[in-house]
Amino acid sequence: MALVVQKYGGSSVSDVDAMRRVARRIVATRQAGNTVVVVVSAMGDTTDELLDQAAALTTDAPAREMDILLSAGERISMALLAMAVTELGVPAQAYTGAQAGVLTDSKYGKASIVGVLPERVARSIQTGAVAIVAGFQGINEVEDTTTLGRGGSDTTAVALAAALNADVCEIYTDVDGLFTADPRIVPTAKRIESLSSEETLELAAHGAKILHLRAVEYARRFGVPLHVRSSFSDKTGTWIYDGRREGAFVPSVVAAQLDDVVAADTDSAPNAPSAASPEAAGEAAGAAPASSSDPAGLDDGPSASVVDTAHRNAIAARAQARPRPTAKEDHVEAPVISGIAHDRSQDKITLVGVPDVPGAAARIFAIVAGTDANIDMIVQDVSAEGTGLTNISFTCPDGDSATAREALEAAREELGFRSLHFNPDIGILSLVGAGMRSNPGVSARLFGSLSEAGVNIHMISTSEIRISVVVDDAVLDEAVRAVHSAFGLDAQAAEAVVYGGTGR
């Protein structure tokens, strides 16, 4: 038996029929002997409709009231889905983010989770019920409702999975997993069976929209296995798991108390996770007992569920069963590349004639930081001989570029640069794969394929497992196809999918 957290996006619960389909999947998971916690997004376009209504009333809505308004969509979903599951003969209880113990800071509209105390959720599943939690929301220190911003429901699901020490967090959307490229651009893109969290973070940061960065980072930090699947099919999907756990995401001062809460209901809870002591849980899983350096029992999670060793091993085996390069004299022939991401949401800003002196870049980017603009790639040219001047280029999201440009232009005299050039017509292509660490020649193959396709490169940025290039937006699709083919990522047959998700 496993403890499974399932997250369903807005497209998966878009109407009553979709609700019924999701309810049947939840009940099937429950009837298979699993304990189930569900996190759900708002139905379809509910959030957009709420935003439109607010915009019709005011152009300057208070952030606190907007969070109260936008949290309503998920509350509707959780209540309706609980009714649908109960109608199928399985008890279900709905909880808001606050009732589920999702604690956040006070940054309205983009709050961060600072802790999870899922006491009521734990009580619910101990009675054999399915707990259904509204995603995308929590409660701050003054007991105001907050929303988590983009990807908030994914983040809610992963944080709950960590706090409950769940065996897996299943992210259900309208696609069959993560693919080697956007199938709308590369029809022969194939589904990726498994990825490390490191590779997933790079893909998510550079255009793959299936998972949000915060959710992947929580999963990586707390060792939560992720399984990205479609709610419209029974296909395998994509596993994301590093094969380790650091402990549950819950304030340590309350973890032991929550153990007591869960343990109190154990004897009368059929099909619920065991609430044995941390020592007993460790012995049952074949693990070492918790030591006195871990007085709160965090290594076993607040519900102290006994890990099904066979189930955990199966997850780890799937996640790690990815092909590795065969031993060849020419290692360039078999690099391990996970996939290609692309991003059209960035603009390029270039400051021409910047004084090439210590502290110049620090002053420039301090001003940009003051506008809350996020920066991705930065390139500084070599100083022109005898001039003492250089050029500095960077990319930032198109939603941030206007304020960044205004701030830099206002500080031109202070910074001493000659002119500012702005280019909104760029695209970023990112090649991601842990295998490039040990396979020389990846860069040469990437740049060679772009050259053969007639694609000019404006900027380059690298990490151990990623190479990103800035190209003209007009040739980005052709660049993606060329690189995808050059690295042998094409599938034998195209799969009918829609890339990207519509749910939070």
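Helices here are DSSP runs of H or I with at least four residues, and strands are E runs of at least two, both numbered from the N terminus. By that count, the protein chain of this predicted model has 16 helices and 20 strands. Residue numbers start from 1 along each chain as its sequence is written, and side-chain values use heavy atoms, without hydrogens and water. As the model is predicted, local features need pLDDT of at least 70 and side-chain atom pairs count only at pLDDT 80 or more, while totals for chains, interfaces and linings use all residues.

**The chain overall**
- Of its 504 residues, 53% are buried, meaning under 20% relative accessible area with a 1.4 Å probe, protein chains only.
- Take the contacts (heavy atoms within 4.5 Å) with a separation of 6 or more: 77% of them link residues 24 or more positions apart.

**Nonpolar cores**
- A nonpolar core is a set of buried Ala, Val, Leu, Ile, Met, Phe, Trp, Tyr and Cys residues joined through side-chain atoms within 4.5 Å.
- The largest one has 46 residues, and Val37, Cys169 and Val224 have the most contacts inside it.
- Helix H6 (residues 152-163) gives this core its largest share, seven residues.
- Another core lies apart from that one, with 23 residues including Ala181 and Leu489.

**Helices H2 and H3**
- H2 (residues 46-57) and H3 (residues 63-70) pack at about 140°, axes 10 Å apart; axes are lines fitted to C-alpha atoms over the stretch in contact, and angles run from 0 to 180 degrees between N-to-C directions.
- Thr47, Leu50, Leu51 and Ala54 of H2 meet Met66, Leu69 and Leu70 of H3.

Notes. Buried < 20%, exposed > 50% of the residue type's maximum accessible area, 1.4 Å probe, protein only.
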